[in-house]
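Subject: Structure handover

Dear colleague,

Here is the structure you were expecting, with the sequence alongside. My notes on it follow below.

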Amino acid sequence: MVDERAGRSERDIAVRRRVAETLNRQQGPLRPLPVLMLLGPRGSGKTAFTGHLRQWAQRVPLASIDAEPVGEHGGTPIDVLIETAFQLSAHHDGIPRLGFPALGSLLAAVGTAVDARSREQAVRDMAEALRAGRAREHSYQELQGIVDGVAQLAGLGLPGWSSVVVPLVQGGVRMRLGLRLRRRLAETSASGPGRGATADFLVGVNRLYHGYPAQRAEAERVLLDSFLADLRAAYASGRADRLRTTHCLALLDNADSSVGEAFLTLLLESRERSGRPDPLLVVATARRRPETLVRAETGSGHRPDYRESWPQSARFRPLPAGPLLVAGQLRDLSRREVEAQAAAALDTLPAGSVLPRTDNAVQWLGWIVYEITRGHPAGTAAVLDGLRRMPADLPWDARVHRCLAPLDGSVQPVPALSAGPGLLELLQRDCSAQLARLMPRAAAGVTLGRAETCESLWEGQEPVLREFVGYCADDLRTVPEPDEGLPALHRLTRFLLLRRLDGAPEEDGQEDGGPGSWKGAHGALRAAAVARGDRRAVAYHDLALDDLGSAVDYLRDRFDETGADEWCADLAWLQRAPYRWDGALPEAARDRYERLVGVAGGDPARRAITRLLAAGWITPHPRPDGAAQPYGDPLGDPYAELYPDIVEEFLTLRRPIGNEHDRHVLLRMAQRYERKPWW
């Protein structure tokens with residue numbers, strides 16, 4: 001079933017446009033076509049987009065294969081090859097049907113039982129199987145009889161291919177299995193099993209295929225060569241040149257599976273051996289860098305950052321990765337794309353449903369879903385679906401509080417329709433059970449490197465730590481932390497893991513609750529920050545541990561030590577410290593603010609900083625101009641009700657300052673909070 005959202009976003013349209021540009025062909029000689037690799041972690045929409053391309057390209061020669069289940073059911077790269085050829089040979093109105101006589105004949109030869117004791121007798125057996133080809137064309141029925149008859153005489157059948165081989169040989173293109181077939185087979189691997197008579201060559205392939213692993217690999221190369229030779233021949237005539245206005249399209253999902261990797265390796269090696277262009281455009285998807293891609297990168301001398309394949313949000317320019325490959329990473333959805341999905345979700349609400357209490361419900365919903373998921377495609381879809389299905393009379397601030405709440409009993413009352421557990425399971429599906437169990441403690445760190453180097457988080461967990469290091473190096477599952485540029489968790493992943501950490505029980509006998517608890521994890525990271533003299537990180541974890549006063553003390557000292565630019569950067573960084581839900585859904589923003597601030601103490605500046613830090617810790621923030629946004633949680637104040645308080649405190653802080661530049665910086669900060677963040 002095709003995801004109805006697939007193909008509608010600017011992202012998908014941009015990738016499809018790139019595919020269309022490459023798929024279309026002009027009359028004349030074939031030009032080299034790359035394998036286009038689309039990379040993305042789980043939930044990035046790879047399979048959904050492949051399904052969309054499958055529907056979009058119905059009028060061109062098309063094959064669509066998911067390589068992962070092929071391998072799970074004991075399949076091989078040749079099974080992928082056969083299914084690809086079989087789907088490409090389907091009939092399409094207005095264009096000649098593709099035939100694969102060379103490949104089909106080789107497959108028939110591989111599946112035909114011959115006398116393995118004598119090559120001479122084997123050649124005679126194969127020649128008998130092909131006897132009707134000496135004088136006239138095969139019909140479907142005649143060829144079926146030849147293949148089945150020889151196989152039955154030996155008590156064997158074709159290796160699961162009998163329903164596919166004959167249509168491939170016929171394929172709408174009738175040809176004599178004589179000189180023209182020998183020419184086609186001559187394009188196969190130069191290191192193949194000898195030349196000469198067709199029957200002798202086919203026997204050689206048969207013996208290789210059923211020989212040792214190295215011999216079978218050579219036979220597989222010959223089969224792939226014959227497949228590409230058939231494709232090139234189908235575009236070689238003048239009539240085909242006029243009628244075939246598109247190349248062929250092969251969609252390979254899960255190309256990083258073992259079978260997908262092996263098929264791509266065969267294909268790329270065959271293209272490199274022949275040095276001749278063929279009309280097959282391969283669009284492959286993978287959630288990890290396939291070894292095929294890694295080797296191509298090594299050959300090119302550098303490792304590209306495939307996030308750079310998006311010079312603009314609506315332009316997709318895959319990066320070269322070796323001579324025969326281009327690759328790009330499927331980016332997350334932009335806020336504008338999420339807003340379009342939010343509009344569609346609101347349109348499907350039942351009659352009489354309450355709407356968000358804002359001046360623009362679509363903008364508000366698009367903004368808050370984007371802030372929660374950072375445009376993660378699966379997360380965006382799950383959150384919007386959950387919000388839409390909640391009771392029609394439920395207010396929207398209550399809806400967003402529940403949409404990703406845990407269902408483990410750590411939050412009471414247990415919310416219904418939460419997408420959180422399912423999304424976290426999806427995002428951690430490639431982690432071992434041991435790493436998935438320990439990942440919540442890593443989410444307490446600002447970056448993954450901070451978590452890795454905090455030894456007390458990993459005591460007795462060295463094997464899991466090694467797997468975690470591999471996770472940190474996977475740039476498809478991590479994002480750069482804006483402040484430091486180092487690997488960090490995706491915002492959605494970190495939010496869900498922090499909710500899991502919040503509900504984790506404290507360990508008996510551990511004064512701080514143990515490293516697997518909220519108090520223990522943040523306490524361990526705070527101690528590590530103290531050891532390296534990082535006062536700002538100490539204040540960050542103080543705030544996460546509900547020690548507002550210590551964090552305020554740090555900011556008060558910095559207010560006298562540094563300029564307003566640097567101080568505001570420190571403030572913004574601290575305000576994004578995670579906070580606990582304390583076993584319940586988030587309380588009203590104003591109530592939490594008053595409870596935190598109480599009666600602020602100290603001099604006027606410290607009192608203003610206390611109120612400013614507390615309000616900013618609860619409420620979401622405007623997006624910095626031209627800058628990526630660090631982790632944040634918009635659920636504490638979904639309607640940005642505390643913005644007037646923030647404006648007032650920035651203006652209070654600037655009054656006693658004599659420096660003109662610093663006064664201007666604080667004024668500009670106040671002005672940023674005069675508009676709601678979804679405007």
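Asparagine 254 counts as buried because its relative accessibility is 10%, where buried means under 20% relative accessible area, exposed over 50%, and partly exposed in between (1.4 Å probe, protein chains only). Asparagine 254 lies in the loop between strand 3 (248-253) and helix 13 (258-274). Its phi is positive, about 55 degrees, although the residue is not a glycine.

Before the rest, two notes on the source. The model is predicted, so local features need pLDDT of at least 70 and side-chain atom pairs count only at pLDDT 80 or more, while totals for chains, interfaces and linings use all residues. Residues are numbered from 1 along each chain as its sequence is written, and side-chain values use heavy atoms, with hydrogens and water left out.

Overall picture

The protein chain has 31 helices and eight strands. These are DSSP runs numbered from the N terminus: H or I of at least four residues for helices, E of at least two for strands. The chain has 679 residues, and 55% of them count as buried. Its accessible surface is about 28700 Å², with 51% belonging to carbon and sulfur atoms; areas come from the Shrake-Rupley method with a 1.4 Å probe, and for residues only the protein chains shown count as cover. Taking contacts (heavy atoms within 4.5 Å) between residues at least 6 apart in sequence, 70% join residues at least 24 apart.

Helix 2

Helix 2 (residues 46-56) has Lys46, Phe49, Thr50, Gly51, His52 and Leu53 buried. The cover over these buried residues includes helix 1 (10-23), strand 1 (35-39), strand 2 (62-66), strand 3 and strand 4 (280-286).

Salt bridges

The count of salt bridges is 43, a salt bridge being a side-chain nitrogen of Lys or Arg within 4 Å of a carboxyl oxygen of Asp or Glu.

- Aspartate 305 and arginine 307 form a salt bridge at 3.2 Å, N to O. Aspartate 305 is partly exposed, with a relative accessible area of 26%, and arginine 307 is partly exposed at 32%.
- Glutamate 337 pairs with arginine 331 in a salt bridge whose closest N and O atoms are 2.8 Å apart. Both glutamate 337 and arginine 331 are buried.
- Arginine 558 and aspartate 570 form a salt bridge at 2.9 Å, N to O. This pair links distant parts of the chain, twelve residues apart, with arginine 558 in helix 26 (residues 548-561) and aspartate 570 in helix 27 (residues 564-574). Both arginine 558 and aspartate 570 are buried. Salt bridges that share partners join Asp483, Arg535, Arg536, Asp557, Arg558, Glu561, Glu566 and Asp570 into one network.

Negative patch

Glu506, Glu507, Glu511 and Asp512 form a negative surface patch. Patches are made of residues with over 30% relative accessible area and no salt bridge; like charges are joined within 9 Å, and nonpolar side chains (Val, Leu, Ile, Met, Phe, Trp, Tyr) within 5 Å. Asp and Glu count as negative and Lys and Arg as positive, while His and the chain ends are not counted. The place of a charge is taken as NZ of Lys, CZ of Arg, CG of Asp or CD of Glu. Glutamate 507 sits in the loop between helix 23 (491-502) and helix 24 (518-531). Its relative accessible area is 36%, so glutamate 507 is partly exposed.

Backbone

Aspartate 546 has a positive phi, near 70 degrees, and is not a glycine. Aspartate 546 is in the loop between helix 25 (535-544) and helix 26, and is partly exposed, with a relative accessible area of 43%. The peptide bond from glutamine 412 to proline 413 is cis, with omega near -10 degrees. Proline 413 is in the loop between helix 18 (396-402) and helix 19 (420-427).

Two C-alpha distances

Glutamate 308 is in the loop between helix 14 (291-300) and strand 5 (319-320) and counts as exposed, at 55% relative accessibility. Glutamate 308 and proline 318 are ten residues apart in sequence, and their C-alpha atoms are 8.2 Å apart. Alanine 344, in helix 15 (residues 335-347), is partly exposed at 41% relative accessibility. Alanine 344 and leucine 384 are 40 residues apart in sequence, with 9.5 Å between their C-alpha atoms.

Regards
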